[in-house]
Amino acid sequence: MPRRGLRCQRLKFLDESDLKALYFAVIETLSEMGVKMDYRPALELFADHHGAVVDWDNHVVKISEGLLRKALQTAPSFFTLYGKTEDYDVKVDLERVYTMSGSCALHVLDLDGNHRLAVREDLRLMTRLLDHMPNLDIMHQIVIPSDVDEIGYELVNFATCYTNTWRNFYSQAQTAESVRDQVRMAAVFQGSTEEVKRKPTFTEVVCMISPLKHEPQNSEVIMESARWNIPLYIEVDSLCGATTPAPIAGTLVEQAANVLAGVVLAQLVNPGTPCIFAIASGIIDMRTGAYSGGAPETTLIHAATAQLAHYFGLPFQGGTGIDAKLPDAQAGYERALQVLTNMLSGTNFIHLAYGMMEQMLLASYEQCLIDEEIIGACFRIARGFEVNDFTLSVDLLRKEGGPLGKHFLTKRETREFYRQDRWIPTLTNRDPWDKWEAAGAKSMRQYANELARKILAQAEQEPLPVTPEQAAEIEAICQEGVRKAKEIIRQREESRK
Amino acid sequence: MGNRKCEELYKAIVEGYSEDAEALARQLLDEGMPPMQIIDECMVPAIQEVGRLYETGEYFLPELMMGAEAMQAALKVVQPALRGEGAQRQVLGTVVIGTVAGDLHDIGKSIVATMLSANGFDVYDLGVDVSASQFLDKVREVNATILGMSALLPTTMPYMQRVIESAKEAGLRDQLIILVGGAPVTPAFAEKIGADGYADDAAGAVQVAKQLVAQKAGQQPTR
């Protein structure tokens, strides 16, 4: 198995007094301004608890410091996200770093170089491909297929991804019923809904709106997931300079207040529900108004939020898509800076780390492989090196004759050490010009293309984590769920009229 | 211009000071300057300068939008006076705009609304989570010529089609130029649901709107 959960917090952008200042600003925001929640059952639950003040006219809930602290006490800082076998279990704490795929691109850049709408077959193939990436820990759907109806699409995503990955699946839901359908689908593999509740093999994400808004389906999904003990990524996607104030510090305050209101809700429903402080925030490009995931300021926001999330005792998901359109120099630099900075800052889940480009609208098969290479190199840097009597190697130097010695390449110590110490590149070419030219003068993108084809061909021969019977049963639940979802939407629209 | 206050109003709009723009427009009216002259001589050149500074890369979005907001603030003061005289400012079209039902994403739509307004359209921004009936009621009320819809979520995008269908049922489709936008919206989607236009960003939206208005005017039978 590849490494799992490296501890590598080395970078700090906030000192203790910054963190305290942020803490008090978040408390002031939550207790005096509050968060808008357009979901009556959530507001009713808050109204029943000491420390919450509900403004029924504006659907705003204000949360006291005491109520927040109580919720943070029950929200765990250690838990396990279960894979389909123990090898794929992910042990979450405030220090270990994992990677995630995702999310929701509408277009793909396929292996023939075509830019086109994503289809369900892309979702299946890319999930198979990503499941072979040694450094990937959590699977999230990378595309939204265009040949799938928008209503209930998350159930089709679930059925497609869940059956094609060994890893814990990062899901999403539009309704409570959708959460229950996903529990049913997982139960086909896990044996029973009770078993899903005990060791959930999937998680849910809810995405809040800045400034300080929770849509009805956010609260509905938080509450239903908490009832089932399904871990939650409580995510805010702020646009620094547009939906949150332009200073990074101000964005950190809004993000934390927004996310923590969701954490409190989950803990009120079911104390102990695992909650991950999550962001996919970016700065707004002031020239065009575009979201920029690849901007250096975006990476600073993510690195600093890791520290703030940990200050509140919660694991943190950061990282986001990059802006490049092709697997090119821009893609390489954006991804590397983003991944390395997040790793060194102790971001526990580096999200959207594979293949996501063009402000999260485009997924590239080739970039998935290139990102695996970048992530591997970044993990190597983040792992650092040890200093002890053995590694100082003075004895070896003396034994080999000090200034009279020759080299160490053929020493047993070297052979034993480098195997576990060195990162061995897969796609990176370190040859001199002539040799590289003789081998076809290939770019990294070409190497990635060849490897992707090879992995996909191999993957098609391998058994899936679920049996064909289980896959068929999951698909049937999915289709029935989609039918119900359409009915719910129809009823909602009726009531709107 | 030749009038110091007019120059100040021009400057307030170019530099994006809404409160100053509003106050200066009021002072100019009090001094007896005809409202149409205030618009033509002090305000329109200012917003054109804002547009030029954006095009040349000197201004970014915040300056552009602040300029547009200052323009709107001044217009709010001048327009009633204009109506009092029985005159009417020439507008390129009346726009009803909003983010569709189920979607609370505001910012992109607001940028487009501001830009359209700054470029000579009369804009009614209905905000977010707007239902088909809310869109169409407003279209009737203000006799809109353009309907703009925004969505950020792939799950709320289909609602745009529903609004278009409702416009057809209500007999309003033919009077409207329907524009759609938002991060997940593509030209192919716009075409599929029967919208008239699509743009990638706010500047593009203004261009498309102007183009379609001109086209539609060309199509009108001459009487």
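Mentor: Let's go feature by feature, starting with the shape of one chain and ending with a single residue. Keep in mind that this is a predicted model.

Trainee: Fine. Why would I say that the radius of gyration of chain B agrees with a compact globule?

Mentor: You compare the value with what a globule of that length would have. With 223 residues, a compact globule would come out near 17 Å, and chain B has 18 Å, so the two agree. The C-alpha trace of chain B spans about 55 × 45 × 30 Å along its principal axes. Buried residues make up 47% of the 223 residues in this chain.

Trainee: And what is chain B built from, in helices and strands?

Mentor: Nine helices and five strands. Read from the N terminus, the order is α-α-α-α-β-α-β-α-β-α-β-α-β-α. Among contacts in chain B between residues at least 6 apart in sequence, 72% join residues at least 24 apart.

Trainee: Which domains does chain B have?

Mentor: The domain assignment gives domain 1 (4-84) and domain 2 (93-219) in chain B. Their centres, taken over C-alpha atoms, are separated by 26 Å. Where they meet, seven residues of domain 1 of chain B are in contact with five residues of domain 2 of chain B. Helix H4 (residues 61-84) of chain B supplies the largest share of the domain 1 side, six residues. By type, that side of domain 1 of chain B divides into four nonpolar, two polar and one charged.

Trainee: How many residues of chain A are in contact with chain B?

Mentor: In general, the size of an interface is often given as the accessible area lost when the parts come together. Here we can count residues in contact: 17 of chain A and 19 of chain B. The chain A side divides into seven nonpolar, four polar and six charged.

Trainee: Now strands. Which way do the side chains of S11(A) point?

Mentor: The general idea is that in a regular strand the side chains alternate between the two faces of the sheet. In S11(A), Asn168(A), Tyr170(A) and Gln172(A) point one way, while Phe169(A) and Ser171(A) point the other way. Strand S11 (residues 168-172) of chain A is mostly covered, with five of its five residues buried.

Trainee: Which strands pair with S11(A)?

Mentor: Strands of a sheet pair through backbone hydrogen bonds, either parallel or antiparallel. Strand S10 (residues 138-140) of chain A pairs with S11(A) in the parallel sense over three bridges, and His140(A) stands opposite Tyr170(A). S11(A) is also joined by four bridges to strand S12 (residues 202-208) of chain A, and these two run parallel. In that pair, Gln172(A) stands opposite Val205(A). Now bring in a helix: S10(A), helix H5 (residues 153-162) of chain A and S11(A) make a right-handed β-α-β unit.

Trainee: Why is one side of S3 and of S13 in chain A left without a neighbour in the sheet?

Mentor: Begin with the strand order, which is S3-S4-S2-S13 in an open sheet of four strands with mixed pairing. Strand S3 (52-55) and strand S13 (213-214) of chain A stand at the edges with a single partner strand each, so one side of each has no neighbour in the sheet. The partner of S3(A) to look at is strand S4 (residues 60-63) of chain A: four bridges join them, and they run antiparallel. Val54(A) stands opposite Val61(A) there.

Trainee: Where would I find another open sheet of four strands in chain A?

Mentor: Look at S9-S8-S22-S21 in chain A, again with mixed pairing. Strand S9 (115-117) and strand S21 (356-357) of chain A stand at its edges. Strand S8 (residues 107-109) of chain A is joined to S9(A) by three bridges, running antiparallel, with His107(A) opposite Leu117(A).

Trainee: Last one, a single residue. Why does Leu300(A) count as partly exposed?

Mentor: Count the C-beta neighbours inside 10 Å: Leu300(A) has 17, so partly exposed is the label. Buried would take 20 or more, and exposed 12 or fewer. Leu300(A) lies in helix H10 (residues 296-311) of chain A. Leaving out residues up to four places away in sequence, Leu300(A) touches Phe13(A) and Ile248(A).

Methods:
Residues are numbered from 1 along each chain as its sequence is written. Chains are lettered from A and ligands numbered from 1 in the order in which they are written. This is a predicted model: local features need pLDDT of at least 70, side-chain atom pairs count only at pLDDT 80 or more; totals for chains, interfaces and linings use all residues. Domain bounds come from an automatic or database domain assignment. Two residues are in contact if their C-beta atoms, placed from the backbone, lie within 7 Å. Ala, Val, Leu, Ile, Met, Phe, Trp, Tyr, Cys and Pro count as nonpolar, Asp, Glu, Lys and Arg as charged, and the others, Gly among them, as polar. The radius of gyration is taken over C-alpha atoms; the globule rule is 2.2 Å times the number of residues to the power 0.38. Two strands pair if DSSP finds at least two bridges between them. A crossover is right-handed if, with the strands pointing away from the viewer, the path from the first strand over the helix to the second runs clockwise.
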